[in-house]
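Welcome! Here is a short briefing to read alongside the sequence and the 3D view.

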Amino acid sequence: MRTIEPETSSDSGSRAPKVPGEPGIWVFIFGDLLLFGYVFGVFLVNRAHDPGVFIESQRSLNVHVGVLYTLLLLTSSLFIVRAMSFIRAGDAVRAPAYVLLAIACGAAFAVIKVVEYSGKVSSGITLKTNNFYLFYFFMTGLHLGHVLLGLVALGVLWRFASRAGTPDFGNKMRYAEGFACFWHMVDQLWLVIFPLLYLLH
C-alpha cells in the first residue's frame with residue numbers, strides 16, 4: 001500500500017491548486033445544474049400561478065419518506081468522502097468497502113422511490129392528474145435517472161478503489177474524483193427537490 005501524493009508545482013514544491021476530476025465531467029455537471037435550475041424555475045412560476053392546487057396536492061406526499069431519502073443520500077455522500085480519503089491513502093481494503101456502503105444507500109433510495117411511484121399510480125395519481133404531479137413525476141424521475149447513472153459511476157469507482165495504492169493506479173485518481181463529484185451533485189440536487197416538493201408552502 002502506498003500513499004498517493006498530491007500534485008506539486010515544479011518550481012516551489014508547494015501544492016498547486018487543482019480542480020478535482022476530469023474537465024469533461026465538470027462540463028456535464030454544470031450542464032445538469034443548468035437543466036435542473038431551469039426546471040426549478042418553471043416549477044416555481046407554475047406554482048405561483050396556481051398555489052391552491054400545488055399546496056393541496058403536496059399534502060399527498062409523505063414528508064417522512066422525503067426525510068428518509070435525504071438521510072440516505074447525505075449518508076451516501078459521507079461514505080464517498082471517506083472512500084476518497086482512503087483511495088488517496090492507497091487503502092484498497094477500506095476504500096471499496098465505503099464505496100459499497102454508498103451504493104447500498106443509493107440503491108435503497110431508488111427502490112423506495114419506485115415503491116412510492118407505484119403507490120401513487122395505484123391510487124390513480126399520474127403526471128396527468130394536475131401540474132403539481134406533472135412536476136413531481138418529471139423532477140423526481142429525472143433525478144432518479146441521475147441516481148441510477150450515479151450508481152453505475154460508483155460501480156466503476158468501486159473497481160478503482162479496489163486497486164488504490166497499486167503501481168498501475170496512475171491517472172485513475174482524476175476519474176475517481178470526477179465520479180465522486182457527480183454523486184455529490186446528485187445528492188445536492190435532492191436537497192433542492194425535497195423542500196420544493198415536500199415542504200414549500
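Predicted model: local features only at pLDDT ≥ 70, side-chain atom pairs only at ≥ 80, totals over all residues.

Residues are numbered from 1 along each chain as its sequence is written, and side-chain values use heavy atoms, with hydrogens and water left out.

**The chain as a whole**

- The protein chain has six helices and zero strands, where helices (H or I, at least four residues) and strands (E, at least two) are DSSP runs numbered from the N terminus.
- Along the sequence, the pattern therefore reads α-α-α-α-α-α.
- Of the 201 residues in the protein chain, 42% are buried; buried means under 20% relative accessible area, exposed over 50%, and partly exposed in between (1.4 Å probe, protein chains only).

**Helix pairs**

- The crossing of α3 and α6 is left-handed, a label used if the near helix is turned anticlockwise from the far one by less than a right angle, with right-handed used if clockwise.
- In the contact of α3 with α6 there are 18 nonpolar, five polar and three charged residues; Ala, Val, Leu, Ile, Met, Phe, Trp, Tyr, Cys and Pro count as nonpolar, Asp, Glu, Lys and Arg as charged, and the others, Gly among them, as polar.
- Helix α5 (residues 131-161) packs with helix α6 (residues 172-199) at an angle of about 160°, and their axes are 9 Å apart.
- α5 and α6 are therefore roughly antiparallel to each other, and their crossing is left-handed.
- The contact of α5 with α6 holds 24 nonpolar, four polar and one charged residues.

**The nonpolar core**

- The largest nonpolar core has 57 residues, of which Ile87, Tyr136, Met139 and Leu197 touch the most other members; such a core is a set of buried Ala, Val, Leu, Ile, Met, Phe, Trp, Tyr and Cys residues joined through side-chain atoms within 4.5 Å.
- At least two residues of this core come from each of α1 (23-49), α3 (63-88), α4 (94-122), α5 and α6.
- Helix α6 gives the most to this core, with 16 residues.

**Records from UniProt**

- An unreviewed UniProt entry lists residues 25-45, 65-85, 97-115, 135-158 and 179-200 under "transmembrane region"; annotations may be inferred rather than shown by experiment.
- In the model, residues 65-85 are 100% helix and 0% strand, with end C-alpha atoms 31 Å apart.
- Residues 135-158 are also 100% helix and 0% strand, and their end C-alpha atoms lie 34 Å apart.

- Alanine 102 sits in helix α4 and is buried, with a relative accessible area of 0%; its C-alpha atom is 4.2 Å from that of serine 76, 26 residues away along the chain.
- Proline 195 belongs to helix α6 and is partly exposed, at 28% relative accessible area.
- Arginine 163 lies in the loop between α5 and α6 and is partly exposed, with a relative accessible area of 32%.

Conventions. Axes fitted to C-alpha atoms, helices over the stretch in contact; angles between N-to-C directions. Parallel < 35°, antiparallel > 145°, perpendicular 65-115°, else oblique.
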